[in-house]
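Subject: Model for handover, chains C and D

Hello,

I am passing on the structure below. My notes on the contact between two of its chains follow.

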Number of protein chains: 4
Amino acid sequence: MAVKKAAVVGATGAVGQRFLSLLHGHPQFRVTELVASERSAGKAYAEAANWVLNEPLPKEFAGMPLKLANEDLDAEVVFSAIPSGTAGPVESDLAKRGYKVFSNAKDHRMDPDVPLLIPEVNADHAALVRQQGTDGFLVTNPNCTTIVLVMALKPLHDAFGIRRCIAVSQQAVSGAGYPGVPTLDILGNVVPFIGGEEEKVETETLKLLGTLRASPGGGRGPAAIEPAAITMSATCTRVPVEEGHSITAHVELGRDAREADILHAWESFRGDPQRLKLPSAPQQPVHVHRAANRPQPRRDWGLERGMAVSVGRLRPDPILGWKFFCSGSNTVRGAAGASILNAELFLAKGLL
Amino acid sequence: MAVKKAAVVGATGAVGQRFLSLLHGHPQFRVTELVASERSAGKAYAEAANWVLNEPLPKEFAGMPLKLANEDLDAEVVFSAIPSGTAGPVESDLAKRGYKVFSNAKDHRMDPDVPLLIPEVNADHAALVRQQGTDGFLVTNPNCTTIVLVMALKPLHDAFGIRRCIAVSQQAVSGAGYPGVPTLDILGNVVPFIGGEEEKVETETLKLLGTLRASPGGGRGPAAIEPAAITMSATCTRVPVEEGHSITAHVELGRDAREADILHAWESFRGDPQRLKLPSAPQQPVHVHRAANRPQPRRDWGLERGMAVSVGRLRPDPILGWKFFCSGSNTVRGAAGASILNAELFLAKGLL
Amino acid sequence: MAVKKAAVVGATGAVGQRFLSLLHGHPQFRVTELVASERSAGKAYAEAANWVLNEPLPKEFAGMPLKLANEDLDAEVVFSAIPSGTAGPVESDLAKRGYKVFSNAKDHRMDPDVPLLIPEVNADHAALVRQQGTDGFLVTNPNCTTIVLVMALKPLHDAFGIRRCIAVSQQAVSGAGYPGVPTLDILGNVVPFIGGEEEKVETETLKLLGTLRASPGGGRGPAAIEPAAITMSATCTRVPVEEGHSITAHVELGRDAREADILHAWESFRGDPQRLKLPSAPQQPVHVHRAANRPQPRRDWGLERGMAVSVGRLRPDPILGWKFFCSGSNTVRGAAGASILNAELFLAKGLL
Amino acid sequence: MAVKKAAVVGATGAVGQRFLSLLHGHPQFRVTELVASERSAGKAYAEAANWVLNEPLPKEFAGMPLKLANEDLDAEVVFSAIPSGTAGPVESDLAKRGYKVFSNAKDHRMDPDVPLLIPEVNADHAALVRQQGTDGFLVTNPNCTTIVLVMALKPLHDAFGIRRCIAVSQQAVSGAGYPGVPTLDILGNVVPFIGGEEEKVETETLKLLGTLRASPGGGRGPAAIEPAAITMSATCTRVPVEEGHSITAHVELGRDAREADILHAWESFRGDPQRLKLPSAPQQPVHVHRAANRPQPRRDWGLERGMAVSVGRLRPDPILGWKFFCSGSNTVRGAAGASILNAELFLAKGLL
C-alpha cells in the first residue's frame with residue numbers, strides 16, 4: 001500500500017506537535033506539509049514552534065517550512081489541529097479544495113453530514129462523508145473527555161443499553177493546549193468549570209452512540225445520525241495533572257447486569273480498528289483495573305501507547321445502578337491519536 | 001465567663017497541630033495539657049512534634065511537656081485528635097474518667113448515644129450525651145468531606161427536602177494527615193479511592209440530617225437519631241491539593257425549587273453558632289459564589305478563617321434535578337475547627 | 001497625620017491586585033484612583049480584573065471605575081504596578097505631572113537619579129529624588145529575587161564586608177505575574193532560565209549596597225550611587241511553587257567571621273522601618289531558622305505578614321567561606337509591600 | 001554469549017521496581033530470583049510489592065516468589081536495591097558467598113577496595129574488585145545526584161582539569177524512594193536539606209574522578225584510588241518534580257578554555273560503554289542543549305531511555321570561571337540503570 005502524503009495544519013500548537021510526534025515513522029502517512037498561521041508562515045518549523053512535549057521534536061520536521069492553509073499543499077490527507085473557533089471555515093475550504101480533512105476541532109463535529117467518529121464505536125458513521133458534496137471531505141473526532149467516556153460507555157450500551165449517565169470529570173491541563181492554563185490558577189487547586197466542555201460531553205456522546213439512518217423519516221432524504229436516547233449530565237473540572245482525563249461515571253442500564261457481565265463487556269470489547277489491525281489501534285481498547293486505587297491518569301494514560309482507555313472501581317450505585325471510574329490520554333487517544341486512527345480507518349475501508 | 005482548661009490528645013499529629021493553632025488565643029479554652037503516645041510522652045512538645053503547618057508553632061506550646069492519656073489531666077475539656085482506629089477505647093476511658101471529650105476521630109461517630117454534631121446543622125442532637133451514663137461525655141464531629149457536603153445540603157433539606165444525592169469528591173492531601181500521601185502517588189495525578197471514605201460520607205450524612213426522637217417507637221426507651229431518608233451515593237478521590245475538599249453534588253429535592261429559592265436558602269442559612277455568636281462561628285456558614293469558575297479549594301478554603309463553606313455552579317441537572325459544586329477547609333471546618341465549635345456550642349448551652 | 005490619597009496604576013494585574021490587598025485598611029494611604037490600560041478603562045474594577053489572589057477582593061474596590069494614566073488623578077501618591085517595559089515613559093510622565101511615584105517596575109531602577117530602595121538597606125538613597133527636577137518624583141523597589149537576597153546580604157556586608165557572592169535562585173510562579181507561567185511548562189518541572197533576571201540580581205544588588213556620594217569625583221556635580229565592589233554571579237530558575245523565592249547563597253566576606261557573629265548580625269539587624277515603626281515594617285527583618293530543613297518558601301513566606309525574610313542552613317563553604325539558604329515572599333516583600341514600605345519611609349521622613 | 005542469571009535484592013522497593021523494569025527483556029541478564037525482607041518473603045511479587053512506577057509491572061515477575069537474601073539464590077549476578085544503612089552487611093555476605101553484587105546502596109561506596117563506578121568515567125577502577133578476597137565481589141554506583149554531576153564534570157576534567165566546583169541541586173522526589181517524601185512537605189514548596197546528600201556529592205565525586213594507583217606510596221601494597229584534587233561545595237534541595245535531578249554547577253578549570261572547547265568536550269565525550277556498545281549505554285552520554293531554558297528535568301530526563309545526561313546554559317562565571325546547568329534521570333541513569341551498566345561493563349571486560 002502506498003504511503004499517503006499528509007499535511008498537518010495548526011502544526012505549531014500543542015495538538016499539532018502531538019500529531020507530528022505520532023506521525024513520525026507512521027507506516028501509512030508521511031508528513032509532507034506543515035501549515036500554520038500568518039505569524040509563523042515562511043519560517044522553519046523549529047524556529048516558529050515552541051516545542052512543549054516531553055519527547056523531543058523529530059529531526060525530520062525541524063527544518064520544514066511552514067505554509068499557509070490557503071496555499072497549495074502537496075498532500076492528500078490533512079490533519080487539522082487548528083484551534084476550535086478558527087477551524088470551521090479553514091477546514092471547509094480545505095475539503096472543498098479536495099483535501100481529506102481529519103480534524104480535532106469542535107467546529108464541524110455536530111454538522112449533520114460530518115462524521116463524529118471513534119473507530120471502535122461508530123465506524124459505520126464514516127459513510128456520512130458521501131453526502132458532503134465536495135471533492136475532499138471532513139471527518140472529526142470528539143472532544144478529549146467525550147472520547148474517554150464513550151470508549152467506556154460503548155460496550156455497556158451495546159450489551160445493556162444506557163438510559164441515563166451522570167459524569168464528573170477531572171481533566172488534565174494539557175487538554176487546554178499551550179499556553180493554556182496559567183500555573184497560578186491550578187497549582188494545588190481544582191477549577192470547577194471549563195467553558196463549553198460540559199455541553200460537548202453531553203451532545204457528542206449522543207451522536208457517537210447514535211444510529212446511522214439511511215433516510216430518516218422514511219423518505220428519500222440523506223442519511224443522518226439519530227442521537228442515542230440517553231439522558232446525560234456532565235460536570236467538567238480541571239486538576240493539576242499533566243496528561244490524562246479521568247471521569248467518575250454513574251449509569252442506568254436498560255436491563256439488569258451483573259458485575260461480571262459488565263467487566264466481560266469491557267474486556268471483550270473490540271471494534272474495527274482491532275479487526276482491521278489498524279497501525280495505531282490498541283490491542284484491547286478498554287482495560288479493566290482490579291486494584292481499588294486504579295486507574296490513575298499519570299500512571300495509566302500511557303497504556304498501549306496512549307490509545308487504550310482504563311476503567312476501574314466498578315460497583316453498584318444505589319441511585320442509577322452502577323458507577324465506575326475511567327481515565328485515558330487526552331492528547332493521544334483524546335486528540336491527535338484519535339484523528340490518525342480515523343484516517344487509518346478510512347484508508348483500510350478504501351475511503352481514502 | 002471563666003476560661004475552661006483543655007487538653008489536646010494526639011497533639012503531635014497534623015490534626016493535633018491544627019487544634020493548637022486554633023486554640024492559641026481562644027477566648028474560652030486554654031490549653032493546659034498536651035497528650036501524645038508513649039513514643040513522645042515526657043518530651044517537650046517542640047521536641048516531639050514535627051510541625052507541618054504553614055503558620056508557625058505558637059510559642060506557648062513549644063516547651064509544654066507531653067503526657068499520656070491515662071495520666072491525670074488538669075483539664076475539663078479534651079479535644080481528641082487521636083487517629084481513627086486507636087481513638088475508640090482511649091476516648092471512652094477519658095469520658096468515663098469525667099472528661100468532656102470532643103473528638104475528630106471516626107470511632108464513636110455512629111454510636112447511638114454519641115452526638116455526631118455540626119452546630120449549624122443538628123445542635124439539638126447534643127442532648128444525646130445525657131444518655132452516656134458517664135461523668136464525662138463524648139461528642140464527635142463528622143468526617144472532613146461529610147462536613148463540607150452537609151453544610152451545603154442542610155439548607156436545601158430544610159427548605160425542600162432531599163431525596164437522593166450523588167456526590168463526587170476531590171480531596172486534599174492534608175485530609176490524610178502526616179506523613180499521609182506519598183508524593184509519588186499524587187504529584188500530577190488523581191487517586192480514585194480513599195479507604196472507608198465513601199462509607200463515611202454516605203452514613204454520617206444520614207445521621208447528621210436525621211431527627212432526634214425522644215423515644216423511638218413511642219415507648220420509654222432512650223432518645224435516638226432517626227436517620228434521614230436520603231439515598232446517598234458517594235465517590236471519593238484524592239487530588240494534588242494542599243487544603244480544601246471539593247464536591248460535585250447532584251440532588252433530587254422533595255419538591256420543586258427555583259434557582260433563586262435555592263440560592264436564598266444557602267445565603268440566609270444561619271444556625272445556633274450564628275445566633276449564639278460562638279467565637280469560631282462564621283458569620284455566614286454558606287457562601288454562594290457567582291463566578292462560573294468558583295469556588296476553588298486553594299482560593300476559597302480560607303473564607304471566614306476556614307469556617308465557612310463555599311457553593312457555586314448551581315444549575316439544573318437533567319437526571320436528579322439540581323447540581324452544584326461545593327468546597328471548604330478540611331482541616332479547619334472539616335476537623336479541628338469543627339470540634340472546637342462543638343465545644344463552644346456546649347459551653348453556650350450550659351452543657352459544659 | 002492626614003491620610004494620603006493614592007492611585008494604583010496597573011491595578012488589574014497580579015501585582016496591582018497585591019497592592020490593593022495590602023492598601024486595604026492601610027492607616028496612611030487611601031486608594032482613591034485605580035488606573036489600567038485602554039482595554040479596561042471605564043469599566044468597574046471587579047468587571048475588568050480577573051482577581052487571582054487567594055484572599056478575596058476587598059469590597060471597597062469592586063465598583064471603582066478604572067481610569068487611564070494620562071487622566072487627572074485625584075491622588076498625591078502613585079503606586080505603579082505597570083509591567084516592566086511599558087512602565088518607563090508612563091511613570092516619567094506621572095512624575096513630571098507632580099505625582100510621587102513608587103514603582104515596582106524595572107524600567108527606572110538603574111537610572112542614576114532614581115532611588116532603588118529597600119528601607120532597611122539604603123534609606124539614605126532616598127535623597128536622590130531631589131535631583132529629579134520634576135514636581136513629583138520617582139522611587140523604585142528592586143526585583144523580587146534581589147530584595148530577598150539583599151535583605152540577607154546587608155547585615156553581612158555591614159558587619160564583615162562582602163567581596164564575592166554566588167547566588168542560585170528557585171523562584172515561584174507568581175513572580176511572573178498573571179497569566180505568567182503556563183502549567184505545562186512548570187508542573188513537576190524546573191525551568192533553568194528566567195529572561196533578564198540574572199542581570200537584575202547582579203546589577204541591582206550593587207546599587208542597593210552601594211554608597212551615596214554627595215558629589216562623586218569631588219566636584220559640584222550631583223549626588224550619585226557608587227556601586228558596591230562585590231563580584232556577583234547569579235543563576236535564576238523557576239520551580240512549581242506558588243509564592244516565595246528561595247536562594248542558595250555563597251559569600252566571601254571581607255574579614256573572618258564566626259558562625260555566631262553571622263547569626264547575630266542577621267538577628268540584630270534593624271533599619272529605618274523598625275526605628276520609625278513604619279506600618280508595614282516587620283519587627284525583625286531577617287529571621288534565622290535553626291531547623292536544618294528550613295526555611296521553606298511555602299511554609300515561611302508569610303512570616304510577619306510576608307514582610308520578613310528567612311535565612312537558614314548557614315555553614316562553612318570550602319570555596320567562598322560561607323553558604324546559606326534564604327527565602328521570602330516575592331509578591332509582598334518582593335513587590336507590592338516593598339513599594340508601600342518605600343512610601344511609608346518617605347512619609348515618615350517628611351519627603352511626602 | 002550466554003545470558004547470566006540475576007537476582008534482584010530489595011526487589012519490592014522503588015529502586016527494585018526500576019531494576020525489574022529495566023531488566024525485563026535485557027539481552028544479557030535474566031532475572032531468576034527476587035529477594036525481599038522477611039515481611040514479604042514467601043509471597044508472590046505482585047502480592048508483596050506496591051508497584052509505583054508509571055509503566056506497568058512486567059507480567060513475568062508478577063507470580064515470582066520472594067526469597068530471603070540468606071537463602072540459596074539461583075543466580076550469578078546480584079543487583080542490590082537494598083536501602084542504604086541496611087545494605088552493608090547483607091551485600092558483604094552475598095559477596096562472600098560468591099555472588100557478584102552490583103549495588104545502588106551507599107554503604108560500601110567509599111570502601112577502599114570497592115569500585116565506585118560510572119563506566120564512562122572510571123572504568124579502570126573496576127580492577128579494585130581483585131583485592132576483595134572473596135569468591136564474589138562488590139561493585140557500587142554513585143548517589144543519583146553525583147552521577148548526573150560527574151557525567152557533566154568528567155569531560156571538563158579530562159580536557160582542562162577541574163580545581164573547584166560549587167554545585168546546587170534541585171532533586172526529584174523519586175530520589176527518596178517510596179513512600180519517601182510526604183506530599184504535605186513538598187507540594188508547592190522547596191525543601192533546602194536532604195540528609196547526608198551533600199557529603200555524598202562532595203566525597204563520591206572525588207573518588208570517581210580519582211586515579212587508580214597500582215600501589216600508592218610506591219610500595220607493594222594493594223591498588224587504591226587517589227581522590228581527585230578538587231575542592232567541592234554542594235547544596236542539595238528537594239523540589240516537587242517526579243523524576244530528574246538538576247544541578248547548577250560553577251567550575252574553576254585548571255587552564256583556560258573557550259566556550260566552544262567546553263561544548264566540544266561534552267559532545268565528543270565517549271567512554272567504554274560507547275566503545276563496547278553496552279546494551280544500556282547511551283549513544284551520546286552528554287547532550288548539550290542550546291535553548292536557554294533547557295535542560296528541564298521533566299522534559300529531558302528520558303533522553304536515550306534515561307541513560308544520557310543533559311547540560312545547558314554554559315556561560316562565564318565571574319567568580320569561578322564557568323557555570324552551567326545539568327540534569328538527568330535519578331532512577332535510571334542515577335540508580336538502577338547505573339548498576340546494570342556496571343554489570344554490562346564487567347561482562348564485556350570478561351570480569352563476570
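Contact here means heavy atoms within 4.5 Å. The model is predicted.

By that cut-off, 47 residues of chain C touch 46 residues of chain D. Of the interface residues of chain C, 98% are also interface residues in chain D, so the copies meet through the same surface. Superposing chain C on chain D takes a rotation of 180° with 0.0 Å of shift along its axis, at an RMSD of 0.0 Å. That is the relation of a two-fold axis.

The two chains bury about 3600 Å² between them, and 55% of this is on carbon and sulfur atoms. On the chain C side, C:P192, C:R298 and C:I319 lose the most area to chain D, together 17% of what that side buries.

As for polar terms, 28 residue pairs are in polar contact across the interface of chain C and chain D, both residues at pLDDT 80 or more. The salt bridges between chain C and chain D number 8. One of them joins D:R313 to C:E198, with the closest N and O atoms 2.5 Å apart.

Elements of chain C that give two or more residues to the side touching chain D include helix 8 (197-208), strand 11 (245-253), strand 13 (309-317) and strand 14 (321-328). The largest share, 7 residues, comes from strand 10 of chain C. Sorted by class, that side of chain C has 23 nonpolar, 12 polar and 12 charged residues.

Regards

Definitions and conventions:
Residues numbered from 1 in each chain as written. Chains lettered and ligands numbered in written order. Predicted model: local features only at pLDDT ≥ 70, side-chain atom pairs only at ≥ 80, totals over all residues. Heavy atoms only, no water. Buried area = accessible area lost by both parts, 1.4 Å probe. Salt bridge = Lys/Arg side-chain N within 4 Å of Asp/Glu carboxyl O. Polar contact = N/O pair within 3.5 Å; in protein donor to acceptor, adjacent residues only side chain to side chain. Helix = DSSP H or I, 4+ residues; strand = E, 2+ residues; numbered from the N terminus. Nonpolar A, V, L, I, M, F, W, Y, C, P; charged D, E, K, R; others polar. Least-squares fit on C-alpha atoms with pLDDT ≥ 70 in both.
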